[in-house]
Amino acid sequence: MIALLLAFAAAPQQGPPPGAIPAEAPAPEERPAILLRTPDTLPRAADGAWEAFLASEDPNEAFAGLDPEIVARMAAAEEHYRAARYPSALQALYDALERAPGFPPGLMLLGTTYFRLRRYEDCRESLQQFLEVAPGDVWRTQALGHALYSLGDYGGARDHYEAVLAASPEELGESPEALRGLALCHMRLGDPERALSLLARVIELRPGHAEAFTFRARILYDEDRLDEALAAAERARELSPYEPQPWFLTMRILYDLGRDDEAAEAEQRWQELDRVAQDVRALEMRLRFRPGQYPLILRLCELFVSIGDVGRARNQLAQLVLARPDDIPEVAVRIFVVDTLNAMGDAEGTHVAALALEESCPDDAEAWRRLERYYALRRDRVNQVRCGAEAARLEAASEDSSSG
Amino acid sequence: MHLSALLLSLAQGDGAPPPLFDEVGAAVLAGATMTCGSTAKDFILEVNGGGLLVADFDADGDEDLFLVDGSTLDRFRAGEPGLPPRLHLNGGDGTFAPAGEAWEVAPGRWGMGGAVGDVDGDGRPDVAITEWGPDRLLRNTGSGFEEITEGSGLRGRRWGTSAAFLDYDLDGALDLAVVNYLSFRLDEMMEKEQAGGCKWKGVKVMCGPEGLTPVHDLLYRGKGDGTFEDVSAAAGFRPTAAGYGLGVTTMDYDVDGDTDLYVTNDSTANHLWENRGDGKLAEVGMRRGVAHDPNGKEQAGMGIAVGDVNADGVEDLFVTNFSGENNALYVSRRASFRDRGDVAGVGGHSMRYLGWGASMQDFDLDGQLDLAVLNGHVYPQADLPGMDTAYAQPDFLYRNVGAGRFDAEPLSTAGDTVARACAAADFDGDGWPDLAVVELDGAVRLLHNRGAALLPEGEERHWLAVRLRGRGANTAGLGARVTVQGGGGERASEIRTAGGFQAAVPATAYFGLGGAARAERVVVRWPSGVEQVVEDVAADRVLVLEEPAAQAEEEQR
């Protein structure tokens, strides 16, 4: 189901579905009370309380020995987290951690949830509590490095990333994200050669790591190695064509190289992508604290469509379907998804969306009419006729019932 | 025991080095407070605080304080004017008293900041005031202020924040740049509030600046007689998109002998205005790398400090930003600037703080430029859980430890406050630069530099201050470049009064000389192009230099 939803994609050529409101209109959201809690108020575990749990080699066995209420809350927390319902995830986690002080998986997920909410100090506190009860599991806590970095403590983040990498189990290998984080710390702390060498290792492990190329470009630019910087920025653009940052670096490098015309072109593309990125950041921030706001998700769809970013448009269209309020017919949203994907030229996504429309709205003539047009465009005569017939049948039935 | 001595001994008692600055405002500047709206801060108009303009207004040889005060929405709704600007005169020892009746100034609508410069060439510092309302001009008669706004040609009526006098066209008469913030209409803001308000980190806060309309800045060409002509459009002082202007400074960033302008904009790209030398300006912030952070993100530019931190002969820029953003140190490099704030130690450290006023001076007189940064949030809601910041914040001195790096330490004994504008000047004449600071809705603070008292026994630090007397209407030599060789190094500084965010500073170049009791050489490149050299200058004094006649003029005599 999730895979199907994620395969959806977007582009509002036919205008927004019914019920849409302008994204500028402030939503009447209130801040959930759970956001007033902080992890330093949690009860602490007794020394060694979780040693046996952590020592267990069979996770199922370890969880089997727990209070079922805790297990249920953790399951709920995980479900909320996966659905980006972070305040609800926090509520379930606090419930679990009140019942089971210091429960390591609870503290770990708490830290990660706070990181998603960009509450870096609370993330740091949660993960440090985790390390108090699970000191041998430092390799799991690269998010603590991310939090320290985001708080501007680059020295602390560097030390923590190094600890994470040193403690990583051999079978898991080096974490590219910990390596990337370590590289950025060295960049910020003024050791560009070390940073470049770590980024090279990230690229070795993940040749398609766009961000590694972007930061390679930035460091090389700062070092006035302009030709190398330009090559790295171009590679980052190939890997991540809708990210503004590689375009920004390209522009700056080209200006410094005196290639003004090309720089101006890069500037234009950067500005286009940057405007969208700014709006996206603002909307995503609002959704973190109050997930599932249909108008905001719709606006995100429109933004991704405007720059032709099929991947992220698909994701948001899937979210749009899930966030549909009751007063908006499902068929309207699902047709909007089909129209949008089709307008973006995303044949694969449109097909998945068409199948979902047929499966979800079998009693709606409007759905069948849209499917009829879809199959006509695909020159799939068999399905075109089948859908047309179904639409006709439903329309006739509707007329009969209204005349009767 | 004197309060400052008591605090010093207490601070030394815990093993930490005591802050360089001692907050002595209550003793030396009694009763000086600022008002900017209500403490709830429901509207963006209420968060900037007032302005600080420092100059020797009464020509008695010391630096006085002109306070630009604000207002409240209750006063505005009742049709009452704002609180009047006030001059406090320096008694010569760093203690201040309200100036007499002749210096009183009528209130405007809601004061913000301003600029200081001699607009009529009579040798006395005059004042431009920015307001949420009409820009204003005050002529210094020598014994008081005379309002000359009407007929002056100033026609800005929006929300001016900061301003700067400069001689951009090198005609000898001072010109004026006024930085505007945004279009603030109370009815529009009330509508936004009624529609649900605005959010920051999921919390309802005042609205803006995003969603409000930015207003273009203004450039006035001075005629040398206290009147001006708006040349914003003619000079090309119009960016493609207006920014939410908050700070301004003057600098010759490309060292071509004319004065450029740098404007910080809130939540929009900062602007660097390159003076083309033909009466036109071109916006090159993006191209020179001072418009955004290194990743291309717009920041909330507030305060500005200028100085040549890497001693390469070209001035660098320090910009304060919002919490969650790094303060930037744009260091000049060949074709463009690079933000070296993180590497220098002033970037990441600032992440939890919202910076406003900033000053780059050699505060410890060791021969290297340090940085003072004043902090305080705009949202009282910053104190809620999970914000990773706070409303009242500590201020920091970033002490230059060499090799392009700075160490952070508490700036003063003042503790955490909601600070705004600041201006550096040697108020007590001891050679150690002090600071005046606006605290939002609080007392004006005066931070006394007690560096001399903190020196290890037997160690000496020396200084030199340079003031200029120009031959034309630019009597303070704004835009001149002063280079001092001595103490084992060479340092340069421009003469400016622009103080970044809502502040003006004395037209004086301060130099720390470390242990050197003499400067080997002082070189002044005047805006006229004349170069003046003075050899073997004794330290620990204010050196006042008169502009020599240009060579051709000399020959004619």
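How many residues of chain A are in contact with chain B, and how many of chain B with chain A? I began my notebook with this, bearing in mind that the model is predicted.

**Entry 1: where the chains meet**

I found that 32 residues of chain A are in contact with 27 residues of chain B. The largest share, six residues, comes from α14(A). I then sorted that side of chain A by class and noted 15 nonpolar, four polar and 13 charged residues.

**Entry 2: chain B as a whole**

I next looked up the make-up of chain B, which has eight helices and 39 strands. A compact globule of 557 residues would have a radius of gyration near 24 Å, and chain B, with 22 Å, agrees with this. Along its principal axes, the C-alpha trace of chain B spans about 70 × 60 × 50 Å. I also noted that 61% of the 557 residues of chain B count as buried. Among the contacts in chain B with a separation of 6 or more, 59% are between residues 24 or more positions apart.

Is strand β7 of chain B enclosed or open? I checked residues 126–131, and six of the six are buried, so the strand is largely enclosed by the rest of the structure. I recalled that in a regular strand the side chains alternate between the two faces of the sheet. In β7(B), B:Asp126, B:Ala128 and B:Thr130 point one way, while B:Val127, B:Ile129 and B:Glu131 point the other way, and all are buried.

I followed β7(B) to its partners and saw that strand β6 (residues 111–117) of chain B is joined to β7(B) by six bridges, with the two running antiparallel. In this pairing, B:Gly113 stands opposite B:Thr130. Strand β8 (residues 136–140) of chain B also pairs with β7(B) in the antiparallel sense, over three bridges, and there B:Arg136 is the bridge partner of B:Ile129. I noted that β7(B) and β8(B) form a hairpin with four residues between them, and that B:Gly133 in the turn has a positive phi of about 145°.

**Entry 3: a four-stranded sheet**

I then turned to an open sheet in chain B, whose four strands have the order β24-β25-β26-β27 with antiparallel pairing. At the edges stand β24 (355–361) and β27 (405–410) of chain B, each with a single partner strand, so one side of each is left without a neighbour in the sheet. From one strand to the next, the twist averages 25°. Within this sheet I looked at β25 (residues 370–375) and β26 (residues 396–402) of chain B, which pair over three bridges, with B:Ala372 opposite B:Leu397.

**Entry 4: backbone details**

Where does B:Leu365 lie? I found B:Leu365 in the loop between β24 and β25 of chain B, and B:Leu365 has a positive phi of about 55° although it is not a glycine. B:Leu365 counts as buried because 29 C-beta neighbours lie inside 10 Å. B:Asp536, found in strand β38 (residues 531–538) of chain B, has a positive phi of about 50° and is not a glycine either, but B:Asp536 is exposed, with 10 other C-beta atoms within 10 Å.

Last, I noted a cis peptide bond between B:Gly208 and B:Pro209, with omega about 0°; B:Pro209 has its place in the loop between β13 (203–205) and β14 (218–222) of chain B.

Terms used:
Residues numbered from 1 in each chain as written. Chains lettered and ligands numbered in written order. Predicted model: local features only at pLDDT ≥ 70, side-chain atom pairs only at ≥ 80, totals over all residues. Contact = placed C-beta atoms within 7 Å. Nonpolar A, V, L, I, M, F, W, Y, C, P; charged D, E, K, R; others polar. Pairing = 2+ DSSP bridges. Axes fitted to C-alpha atoms, helices over the stretch in contact; angles between N-to-C directions. Rg over C-alpha atoms; globule rule 2.2 N^0.38 Å. Buried ≥ 20, exposed ≤ 12 C-beta atoms within 10 Å, placed from the backbone.
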